[in-house]
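Open the model in your viewer and keep the selection panel at hand. We will go stop by stop.

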Amino acid sequence: MAAVPADGDLAAEGQEPLLSSGGDDESRYGDVVEIQQHYRSRWRSIRIMYLTMFLSSVGFSIVIMSVWPYLQKIDLTADASFLGWIIASYSLGQMIASPLFGLWSNYRPRREPLVVSIAISVAANCLYAYVHLPTSHNKYYMLVARVLVGFGAGNVAVVRSYIAGATSLTERTSAMANTSACQAIGFILGPVFQTCFSLIGEKGVTWEIIDLQVNMYTAPVLLGALLGVINIILIFAIFREHQVDDMGRQCKSINFEAEESDYVDQDAQGSIDQVAVVATNILFFVILFVFAVFETIATPLTMDMYSWTRKEAVFYNGIILGAIGIESVIVFMVVKVVSKKTGERAVLYGGLLIVLVGFFILLPWGKQLPNIQWEDIKNNSIPRIIFNEMFTPFWKLQTTQLPSNHTVEPTGCSVVQPWCLYTPLIHLAQYITSDILIGFGYPVCNVMSYTLYSKILGPKSQGVYMGWLTASGSGARILGPVFVSQIYTHLGPRWAFSLICGIIVLSLLLLEAVYKRLTAFSVRYGMMQG
């Protein structure tokens, strides 16, 4: 699981400002006094939030590799286009739930939305394990299960709002980076767990008393349900409500009743800069949108450009994405140190530039064309795409290319996509270089967006605001695959990557326009020095 730092490692995380090096019962930083017991309780609770974020991302990724074969097994009427709805349903559920859970956490103890959301995820995972039982409409039961898992994952807004409210300004970048690192580790380990469970096989074992089949498809979600139950127990046993202001002083909060008399009032004078809030939401949407495009386009791009089979494309891209995940965790750790010297805004700007260069490198150059897949040619003519085919997603085109009388999977760039006949090859060196750059730039932009956003909001209640930010990211993950299915399939990589580069350039211009407004609430109103 995601490792969390021990108390002795806190200084390395930028958490030392609230504690002196001595062993006194109280510790100081300027006029900030924090009891050692309170400090430890606060960081134990934050680590529980790290775990919750980790398990939330595992819940998404642990079945992503097996959804399609399981869907085909339980419902013969399911086609590849329905798979798109299954994949998108998680983000749709999260987009709906995030603002609701965020609003709930603004007015009630955060333990309530956390426990309820995790309980929904546990129930959804159990439903997923039983979707094979109904005699019909099984695919719709799976769709409901994935929507509910996504709905439960709406607690990401509560997690990030809690971490933002429980850390001082000097601690926040480090805490947000750790949160994103735990999320990334969850995305990496989810497919690993799935691979291990594949050893069970499709038949597995059946627990007849409760009609439960434990096989390579259901074992991962049952593990997810078990981890969810453990998470709920830890929230009840260890998690405590804590609120500190940007200077680290303990605050009163509507989420809990403060007994100590030295708590300061949380309500600060001044209003949130709504322009900065909207701009950050737009930037975050763009960041997740371009990464969703990058993830989605990997398989069809490599199949078209390098004549990889479906199995080869999944295998090699799985290795590449796994390596990018490891790279991201390293970047999350490094960015904590770099941002202290340069500031979050400059790091965000640099991250966007790196992502821009990554997509620019992917543009096709030269005269060499990819290998053409001719199997779909009839009577020596090139097929013409009619209007209603413009709305066919790429994964459906890929799965309908193999005629019934063929036993060997055709490879290469299919002439169903007319651009294959004139678009230059994207060399493998271009693709790998782009992967490395985007894998470096994306985590930088991700953690800096969250950090800047939480600092802009300051001591105000952040639940709803974090909910909208999470919802914008979920919307980006829904629209990204749609963008790929239309632009890439019908116009090709040159148009797709050119448009992405244009979107990133506009984002850089937006960042330049609001650069001076992306400052911490306390710095903006002179409560602290920037």
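Which residues of helix 11 are buried? Select the helix in this predicted model and colour these: Glu 344, Val 347, Leu 348, Gly 351, Leu 352, Val 355, Leu 356, Gly 358 and Phe 359. In an α-helix, residues three or four places apart point the same way, because there are 3.6 residues a turn. Now check the length. Helix 11 covers residues 344-361, and its end C-alpha atoms are 26 Å apart. That agrees with the 26 Å that its 18 residues should span at 1.5 Å a residue.

Stay on Glu 344. Its side chain meets that of Lys 455 in a salt bridge, 2.7 Å from N to O. The pair links helix 11 to helix 13 (residues 428-457), 111 residues apart. Both Lys 455 and Glu 344 are buried.

Next, select Glu 171 and Arg 42. Their side chains form a salt bridge at 3.0 Å, N to O. Glu 171 lies in helix 7 (residues 169-197) and Arg 42 in helix 1, so the bridge ties together parts 129 residues apart in sequence. Glu 171 and Arg 42 are buried.

For a contrast, go to Arg 108 and Glu 112, a salt bridge of 2.7 Å, N to O. Arg 108 is partly exposed at 43% relative accessible area. Glu 112 is partly exposed too, at 26%. The structure holds five salt bridges.

Last stop: the cavities. There are five of 30 Å³ or more. Centre the view on Leu 55, Ser 56, Gly 59, Ser 121 and Gly 224, the closest to its centre of the 18 lining residues. Helix 1 gives the largest share, five residues. The lining has eight nonpolar, ten polar and no charged residues.

How values were computed. Residues numbered from 1 in each chain as written. Predicted model: local features only at pLDDT ≥ 70, side-chain atom pairs only at ≥ 80, totals over all residues. Heavy atoms only, no water. Helix = DSSP H or I, 4+ residues; strand = E, 2+ residues; numbered from the N terminus. Expected span 1.5 Å × (residues − 1). Buried < 20%, exposed > 50% of the residue type's maximum accessible area, 1.4 Å probe, protein only. 1 Å grid on protein atoms, 1.4 Å probe; cavity = no way out; pocket = protein on both sides within 12 Å on 5 of 7 lines; lining within 4 Å. Points joined across faces, edges and corners; volume = space filled by probe spheres on them. Nonpolar A, V, L, I, M, F, W, Y, C, P; charged D, E, K, R; others polar. Salt bridge = Lys/Arg side-chain N within 4 Å of Asp/Glu carboxyl O.
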